[in-house]
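Visitor: I have a structure to look at and some questions about it. Could you guide me through?

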Amino acid sequence: MYVAVKGGKKAIDAAHRLFADKRRGDRSVPAMTLEQIANQLSFAVDRVMSEGSLYDRELASLAIKQSAGDLIEAIFLIRAYRTTLPRFGASRPLETREMRVERRISASYKDMPGGQVLGPTFDYSHRLLDFTLAADGEVADPERPDEAMTAQLGHVAEILDREGLIEPVPADAENEQPPDLTREPLEFPAGRKLRLQNLARGDEGFLLAMGYSTQRGYARGHAFAGEIRMGEVEVEFFAEELGFNVPLGRVKLTECQMVTQFKGSSKVKPQFTRGYGLAFGQSERKAMSMALVDRALRWEEYGEELVAPAQDEEFVLSHSDNIQATGFVEHLKLPHYVDFQAELELVRKMRREIEERDEAESQEAAE
Amino acid sequence: MKQENFYNFAYLDEQTKRMIRRAILKAIAIPGYQVPFASREMPMPYGWGTGGVQVTASIIGKDDVLKMIDQGSDDTTNAVALRGFFELTAGVESTTETSEASIIQTRHRIPEDDLTEDQVIVFQVPIPEPLRFLEPRETETRKMHALEEYGLMHVKLYEDIATHGHIATSYAYPVKVMDRYVMDPSPTPKFDNPKMHKMAALQLYGAGREKRIYAIPPYTDVVSLDFEDYPFSVQEWPDTECGLCGATEVYFDEVVTDDHGGRMFCCSDSDYCEKRRAAGHTGKQPDQAAEV
Amino acid sequence: MQIATTGLGAVSPGFSDPVHDAQSVFSAVMRAMSRPGRIEQINERLEAPSPANNAVAAVILTLCDHDSPLWLDETVAGAEELKSWVRFHCSAPITGDRATADFALVTNPQSMPDLDTFALGTDEFPDRSTTLIVQVSSILENGGWVLSGPGIESKHKIRSDDLSADFIAQWRSNRELFPRGVDVILCAEDRIACLPRTVKIEEG
């Protein structure tokens, strides 16, 4: 038994070579290509883009490959890369009404202009293992909806809006720069815009659990999936030097508007209220959870009571980020023997004191 | 193209450095106050030194000599990894010798040797808020600092005394800086607290995940909180000396040497221990040191 | 080296090595701020935009950018050469409201506005205060001000004769605001000294 005084670097290098070997696995099996990941693991890629806050399928695929499928590690790689990129400005607000819809459903109306567009989904499938996939069976070409029919579908919330039954969308000052928590330290109270940015980057599992808790009575408000839509939207950038908007390309998004009935309060008349969720790619679970949490966090606007974790801005926003969370939880792997030694010394001292006291007491009793 | 060429000197872009540099100057001007800063995502995990790394990256120059320690040692795995990061991205010289370093980045220890005016020590901080475990809300603790309302901390320490007969905090022991701000000295053992008082070197503290930077200028009063009848005291190891170098007045690591309760103590500060051995000092178990 | 033309004419160059020059100047400012009253050399030579001196230009290039509004005193509020230089190299917004400025450039210290008219920070965020960059003709070592406080082992002595007569009294009031208050960077041609809000100044 020896006290290790040198050798950390060698040990780390060796560990990294072992990991590279494990990641590659059996060399007789072909290595995965980024195209395969981007095409065939699209939900993983979408999640990494969403929580990594970087819309780039190729880089997300690389991160997934590099992390051997550990998605939080992949998100971390993307975040660390993203933070070094120069920033040119913010895009114009996206117009999701102009979305080329691939999927659009509403749970609050049976039918509406444009109809329900089921699109590609796991929903209503039988969750039975498909052994033909294991054998790489042929996949038939699907029928696609007519593009003309799915362009410019109005939002379901507009139907309620026309009757004045839903709260209006808060108006934004023209050209107001949105806050950016990647450039400013998060401060409380944060306000809704910053909250939404935080939630959009937040961990899907955390938001899912928080959203779920609101359904189970922790800040209960019965939410309806007013609308979930998924498809491509154009991104535009206002170029100061040109004086007009320049199209930058299209991004695929999932948007969710939750509609929650509200009884009214001394402040506000009875009406429906909104919770909003948005995620890159097809990420319905994330967008829906985000919308539930967004609504719960708005308790103060409606004069509701703060009774549950999902309503608590400091709690939710401080713990939603999986990169912060995983770093700090996993840092417990780092050596802590200096603090531990301090605690050892303290525990031994306290035990010694108690033993001495007990001894003194028993002597006294004997005398 | 080598990996390093993809990144700026010391990794951070110049705009980020300016933002951090402004925060550092404010931190120096308001000793012990936690300055919020827009911490960046770094290529190492939060909780593993991102705050210290951002501070070091913002102050380091090409002529600096860097010493990186974790638990007092230059060769713990994370110290090695972080030193490698700066060797790669800044190409600066690194050293294990305390006296040769112009910047010392540390986690959980202050070197045993006195630091000098020409040095800066950068601490990695996990939870910068000394009141956090008494009050989890940032909005509340911020008010408490603003009003200099530290009663809660004194109550906590006093409860320790009532229960245990003494203050039961052995590391991250709170200090008061310049008789104004109560500050968390990062999870250094309280053994190191007296070294912070009127230290000749500038002390910078970086908390990346919590997005705070704070500082203690040189020669500043740093007092560990205590009570008149229960004065602050540091850890002691009666009748203990370093098995390798024989040192006594140092912070010790305890090393378990077999399955039968055998153990030895040795200096936590590995450079201090090495220098003493090089100078001919020896402990009772000198052959336990090994190059692995 | 970059020479740029803007609509307002040629702008003189910034640092010849932006990364390392800025680090070197920052290092001097950090040392000066942590040891109030100790004079630090600025070794970087610049074609400073008139009427700024070398140290002022170096400090502005090092610390200011589009996230830090800069206020200019009356003497330079109309100095187009300086303003376009600041805009070009730092993209720093130039503000007319010194109560919200992160930095303030004072080129005529005799008529410097009262210190308490700058941003002083709040009790909760005392860091949200103005740092004054004050251009002076000289900083004298071992001058008649006796400085004490954090960063100073016993005493530091300096003086700048460019400041107005009531500066010491104003500084006393500034110090009483602690933790609020302004911080000062004195800039002579190639040397700087700092007065953080903690420092006590007495006439010696």
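Guide: Start with a term: two strands pair if DSSP finds at least two bridges between them. Keep in mind that this model is predicted.

Visitor: How many bridges join strand β6 of chain B to β7(B)?

Guide: Strand β6 of chain B covers residues 175–177. It runs antiparallel to β7(B). Pairing needs at least two bridges. The number that joins β6(B) to β7(B) is three.

Visitor: Which residue in β7(B) is the bridge partner of B:Val177?

Guide: Look across to strand β7 of chain B, residues 181–183. There, the bridge partner of B:Val177 is B:Tyr181.

Visitor: Which strands are the edge strands of this open sheet in chain B?

Guide: The sheet has three strands, with antiparallel pairing. Their order is β7-β6-β10. An edge strand here pairs on one side only. That gives β7 (181–183) and β10 (222–224) of chain B.

Visitor: By what angle are neighbouring strands of this sheet turned against each other on average?

Guide: Direction is ignored for this value.

Visitor: Now chain A. What is its radius of gyration, and why is chain A called more spread out than a compact globule?

Guide: Chain A has 14 helices and five strands. For its 367 residues the globule rule gives 21 Å. The chain is well over that, so it is more spread out than a compact globule. Its radius of gyration is 27 Å.

Visitor: What share of the residues in chain A is buried?

Guide: Buried means under 20% relative accessible area. Of the 367 residues in chain A, the buried share is 38%.

Terms used:
Residues numbered from 1 in each chain as written. Chains lettered and ligands numbered in written order. Predicted model: local features only at pLDDT ≥ 70, side-chain atom pairs only at ≥ 80, totals over all residues. Heavy atoms only, no water. Helix = DSSP H or I, 4+ residues; strand = E, 2+ residues; numbered from the N terminus. Axes fitted to C-alpha atoms, helices over the stretch in contact; angles between N-to-C directions. Rg over C-alpha atoms; globule rule 2.2 N^0.38 Å. Buried < 20%, exposed > 50% of the residue type's maximum accessible area, 1.4 Å probe, protein only.
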